[in-house]
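Me: I would like to learn how to read the contacts in a two-chain model. Please take it feature by feature.

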Amino acid sequence: MDLDNMKKAWNDNGFIPAITQENIQNIIHKKGKTALSQLLWFEMIGLIIVLPFMAAPYIHALYFPRAPYPEFTKWFFMSTCIISFFWQLYKVKLLKNINLKQDNILLSLKTISTYKLYIKREFIVGVAFLCIILGSFFYGYVGIISDQGKLSFCIYNLLVLVIACFIMLVFYKLFYKKNIRKIESALDEVKEMEEDN
Amino acid sequence: MQNKDIEKDFMDMIQLNERIIYKVASFYADIDQSINDLYQEIILSLWKAYPSFRGESKPSTWIYRIALNTCITFFRRSKRKPQYVELVVDIPDTPDNNDEIVELYKLINQLGKIERALVLLYLDEKSHKEIAEITGLTVTNISTKISRIKEKLKRMSNE
């Protein structure tokens with residue numbers, strides 16, 4: 001295959017899909033947001049709702065006064081909300097930096113690949129945080145359970161944790177590992193191009 | 001200028017440069033993103049950017065930049081949204097009138113995203129200065145990269 005020989009055929013290629021003005025009107029009127037704006041919107045929603053979530057332990061205590069969040073769980077949960085808020089803020093800023101009109105493709109690819117990599121890892125970190133929150137919540141109640149029930153309670157929780165970790169690992173291998181590799185190879189391409197520049 | 005006039009100008013520009021949109025979309029279409037989705041996404045991105053188009057660069061260069069950026073950054077967290085409209089026109093995955101071009105389309109997915117853009121711009125006989133502007137690579141680096149890609153494609157087609 002020779003790209004130089006192909007140039008003529010490429011430019012002679014008479015195929016034109018012939019989109020009609022009606023088609024164009026349909027696209028620009030029926031579909032309001034671009035995929036990028038949609039993504040930004042999604043992250044903005046996350047940013048807005050994450051802080052009010054800090055009130056969850058207090059609301060929980062109102063409805064379940066006999067089973068409030070243990071102290072560690074409460075502070076861990078609230079710290080997670082604060083960290084998530086700044087994390088969301090960072091992602092929003094990252095996406096806002098993408099300017100389709102002005103950025104060169106090297107920059108766009110670098111930004112979007114970084115974002116994609118972050119959200120793949122975010123899922124894994126999110127599940128780990130959830131395990132800690134649930135684990136610490138149940139562990140906080142070990143003290144009030146009778147000695148007879150303590151062992152079965154611990155075994156039950158350990159089992160839940162092991163199953164959760166197993167499911168997480170399977171998910172990671174099936175859906176994430178391959179995708180992460182693909183994203184990393186895009187970032188490698190950017191790095192290589194930048195180094196040669 | 002009234003909204004209707006802007007819309008008319010935009011549609012004329014799209015129809016005039018439709019070939020670019022089709023080629024960029026077909027170069028980046030894969031299992032995750034269909035040519036139809038990319039095609040519509042490019043038109044929508046161009047429409048959103050159109051009010052700020054001052055004609056400082058050639059319309060084709062402006063379209064190339066936005067179309068390539070759109071395909072490179074195209075990513076949907078939700079597979080269901082956004083919904084794309086049904087197009088009456090059928091967009092084929094590859095133009096099948098030339099054996100070498102068909103082969104190129106078969107190999108294109110094995111190239112990196114920037115490499116694909118370089119092939120596309122090179123085949124469309126864009127100047128090195130324009131390619132540099134769109135890709136962010138230096139003019140001197142472009143020749144080197146294109147030579148490497150040519151070698152890579154030759155090797156891939158012989159395998």
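Reply: Start with the salt bridge: a side-chain nitrogen of Lys or Arg within 4 Å of a carboxyl oxygen of Asp or Glu. Side chains of opposite charge can pair when their charged atoms come close. Across the interface of chain B and chain A the rule finds 2 salt bridges. One pairs the side chains of B:K150 and A:D4, at 3.0 Å from N to O. This is a predicted model, in which local features need pLDDT of at least 70 and side-chain atom pairs pLDDT 80 or more, while totals for chains, interfaces and linings use all residues. Side-chain values use heavy atoms, without hydrogens and water, residues are numbered from 1 along each chain as its sequence is written, and chains are lettered from A in the order written.

Me: How many salt bridges are there over all chains?

Reply: The whole structure has 12. Among them is A:E43 with A:K91, whose closest N and O atoms are 2.9 Å apart. A:E43 lies in helix α3 and A:K91 in helix α5 of chain A, so the pair ties together parts 48 residues apart in sequence. Helices here are DSSP runs of H or I, at least four residues, numbered from the N terminus.

Me: What area do chain B and chain A bury between them?

Reply: The size of an interface is often given as the accessible area lost when the parts come together. Here about 6,400 Å² is buried (accessible area with a 1.4 Å probe, summed over both parts), with 64% of it on carbon and sulfur atoms. The contact (heavy atoms within 4.5 Å) takes 76 residues from chain B and 61 residues from chain A.

Me: At what angle do α6(B) and α8(B) cross?

Reply: Axes are lines fitted to C-alpha atoms over the stretch in contact, with angles from 0 to 180 degrees between N-to-C directions. These two come within 10 Å and cross at roughly 100°. That makes α6(B) roughly perpendicular to α8(B), a label covering 65 to 115 degrees. Among the residues making the contact are B:L118 of α6(B) and B:K150 of α8(B).

Key: Buried area is the accessible area (1.4 Å probe) that two parts lose on being put together, summed over both. Angles under 35 degrees count as roughly parallel, over 145 as roughly antiparallel, 65 to 115 as roughly perpendicular and the rest as oblique.
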